[in-house]
Amino acid sequence: MKLLTIHIACFLILSLDVYSQQVRQIIGRNVGWKTLSDGNNVRVFGFADNLSQYPDVPGPTLEFTEGDSVIIDFWNISQGAPHTIHLHGLDVNQENDGVPHLSFEVHHMEHGFYRFRAPAAGTYLYHCHVVSSIHVQAGMYGLIVIHPPSGENYSWEGGYEIHRDHRLFMSEIDTVWHNDTVLLHEYDTTSSMHHVKIPIYDPQHFLVNGLGQSQLIDSVIVTGQVDENIYVRLANIGYYKNIVVLPSGLNARIVSSDGRPLSTEIETDSVVVYPGERFGVLCQASEEFESEISVVYSNLNTGVSVATEVVEVDISGFLGIDDSEHQPEVRISPNPADDFVTIDVLDQENDEVLVKLIDPNSRVLDVFQITQKRTRYDVSYLPSGTFFFYFPRGEEKWTLKWVKK
Amino acid sequence: MKFVIPFSIFILFASSGLAVELDTIFINRGTYTTIDSNQWTFLAFNSSPAFSSQNTVIKLLESDSLQLTVVNNDSVAHGFEVKGKGGVSSIAPGDTAYTSYSFSDENVFVYHDPLSSSNSRGLGLGGMIHVAKANRTAFYWNIKELQSDWIEDLAQGLPVDWTTYYPDYFLINGRSHPDITQDATARVEGSVGDTIHIAISNTGNSDHSIHFHGYHCEILKSSFDTKWVGRMKDTFPIQPLETLLLQLVPHQVGEYPVHDHNLVAVSAGGIYPNGMFLTLLIQ
């Protein structure tokens, strides 16, 4: 009897799903506005985390753990043509693939549920696949990052330890495509195939993480310390080719693509990313420096490079070296935290410090000056995840990794 | 041993199993009807004097040799070249040229007109050679694109400015979606667990980025960069005059799209989704 009980217990334990179930709600809306680097606004379609948000471009980054049982609850509150979510690269089954005539459409005020098991750790995309030429350009796209079961500090199971995880997500905007005459295309819901006229594509705005030119400078920073493994995820959802040129001091090598480790890693400072592709680039600086990553946008028909965007790179400090010269003179506690953190300035002579809060997509979320030894900072507005507090002060710079519960 | 080209003659060498294929290919000018019923002048390499908008796929086996007769049925001179293996620089209108090649390993090659390659490809001229292992078949995607308002200038031999190229028709084996689904050489049909090879050539003038839904594929051969071999990917860049050989082993049933992720290329005459888009059907 005792043996039987043990057997039953073992069976039940083994039968349990060792991976968690993740339910993620995403809102689809047609009524977003995006401010471009020239100050003009264009209408966008997009995805948002909740009803109180207007869609941003790109949409929220979805993060799961390999093996998770995931349900994306897509609530389309927009009017007009339906929307879908195509899980680009996740190799989900046909029903959940998000192609209108082969799976299902999500109409106004409907919920669509996409169910899948999170595949191999890596970088993926999601986007609407209804008249995809228009809806992707309209802004209905985002990144998906799948972490390995061993945790966010690894590239994939059995892969590289990563100390920094930066994401550079490229796209373009042609403002003509954002006129209502294009966005609000006809859609015959009785037809399985939808034929829609698309305009000439001639983008004027070139984006990294949804930002271009002056918006990008100082708003997206790739930070790290000497000898850290800095993992830069590159993805392109635009209709142009990207040539991403990294500083030679990063000693970059391409280690993965499209959610799989490469059979042969490539040491290079230049990574070409075509529409729909993703690359994982492992960087490890051997000395401190400031430089920039250039992203060149090249026309696929003419081969002509039409624009370059620049992302700041700042390598300061040394991994694991307890050198007083590089000891941060600030402290953040508690870590992790939920609602508030306390920032303590340890420097006895100077308590004025500039602070930049950077999200996992290398995007600067907040910039503020602290002028006293102890400052309480509200973090309740942040989603769960890993963030960086970056403190540039003259020649001295510190970056502190911090986790929101 | 299976060849589809009707004029093929095989001389088998019993000792080695190697074959020499004697083949004839015709450069034909004809009229191409687009998915939206426009009719344009078009050039193609065909296996007979009769024009077809689908450039012939030359199918060989590893270690085969090819002795090729090229007949220029067009009214202007053209050449013939297998990229990386040479050929004939110029064949006068009505003339015939002879060339030969040997192929060692499984691979995919582009053949084209080197005399005015971009302009000829702008009218559709460019095909694929697939060298297979014994008993191995493949599906064939010869992709290209056309700029409709350049067709007549190109057909008359007038110059065009390729730095302003803006194609508006995107073809696989000379067809657009949904017609391409009718092409059994292109439409991948198989079963879970099958080993499926897909030979892709880009005989257009634009870069393309081919995305698979539902599956990752392994790159078996890449003419652009041998370091790409072995990569498992869902999106495959392919540059003009380059080729890829992919291996797909489906793990799930279903009908899944494959399309250019330059989403402008999923159109014809500006109409979505009549471009470079087809589906795989796995039972």
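Where is Q213(A) found in chain A? Q213(A) sits in the loop between strand 11 and strand 12 of chain A. The legends below treat a predicted model, in which local features need pLDDT of at least 70, side-chain atom pairs count only at pLDDT 80 or more, and totals for chains, interfaces and linings use all residues. Residues are numbered from 1 along each chain as its sequence is written, chains are lettered from A and ligands numbered from 1 in the order in which they are written, and side-chain values use heavy atoms, with hydrogens and water left out.

**Figure 1. Chain A as a whole.** Chain A has three helices and 27 strands (DSSP runs numbered from the N terminus: helices are H or I of at least four residues, strands E of at least two). Its radius of gyration is 23 Å, close to the 22 Å that the globule rule gives for 405 residues, so chain A is as compact as a globular protein of that length. The radius is taken over C-alpha atoms, and the rule is 2.2 Å times the number of residues to the power 0.38. The C-alpha atoms fill a box of roughly 75 × 70 × 45 Å along the principal axes. Of the 405 residues in chain A, 58% are buried (buried is under 20% relative accessible area, exposed over 50%, partly exposed in between; 1.4 Å probe, protein chains only). Among contacts in chain A between residues at least 6 apart in sequence, 70% join residues at least 24 apart; a contact means heavy atoms within 4.5 Å.

**Figure 2. Two positive phi values in one loop of chain A.** Most residues other than glycine have a negative phi, and most peptide bonds are trans. N209(A) is not a glycine, yet its phi is positive, about 55 degrees. N209(A) lies in the loop between strand 11 (205-208) and strand 12 (221-226). Q213(A), also in the loop between strand 11 and strand 12, is another residue other than glycine with a positive phi, near 50 degrees. How accessible are they? N209(A) is buried, at 3% relative accessible area. Q213(A) counts as partly exposed, at 43%.

**Figure 3. A cis peptide bond in chain A.** The bond joins N335(A) and P336(A), with omega about 5 degrees. P336(A) belongs to the loop between strand 21 (330-333) and strand 22 (340-345) of chain A.

**Figure 4. A cis peptide bond in chain B.** Here H177(B) and P178(B) are joined by a cis bond, with omega about 5 degrees. The loop that holds P178(B) runs between strand 12 (169-172) and strand 13 (189-190) of chain B.

Figure 5. Chain B has two helices and 22 strands. Its radius of gyration is 18 Å, close to the 19 Å that the globule rule gives for 283 residues, so chain B is as compact as a globular protein of that length. The C-alpha trace spans about 55 × 50 × 35 Å along its principal axes. Buried residues make up 60% of chain B. Mean pLDDT is 93, and 94% of the residues reach 70 or more (pLDDT is the predictor's confidence in each residue, from 0 to 100). Over residues 1-17 of chain B, pLDDT stays under 50, and the model has 41 contacts beyond four places in sequence for them. Where pLDDT is low, the predicted coordinates should not be read in detail. The model scores ipTM 0.93 and pTM 0.89.

Figure 6. H78(B) is found in strand 6 (residues 78-82) of chain B. H78(B) is buried, with a relative accessible area of 3%. P250(B) is 172 residues from H78(B) in sequence and 42 Å away in space, C-alpha to C-alpha.

**Figure 7. T96(B) and its contacts.** T96(B) lies in strand 8 (residues 96-102) of chain B. T96(B) is partly exposed, at 37% relative accessible area. Leaving aside neighbours within four places in sequence, T96(B) is in contact with T69(B), V70(B), V71(B) and I91(B). The C-alpha atoms of T96(B) and T69(B) are separated by 6.8 Å, though the two are 27 residues apart along the chain.
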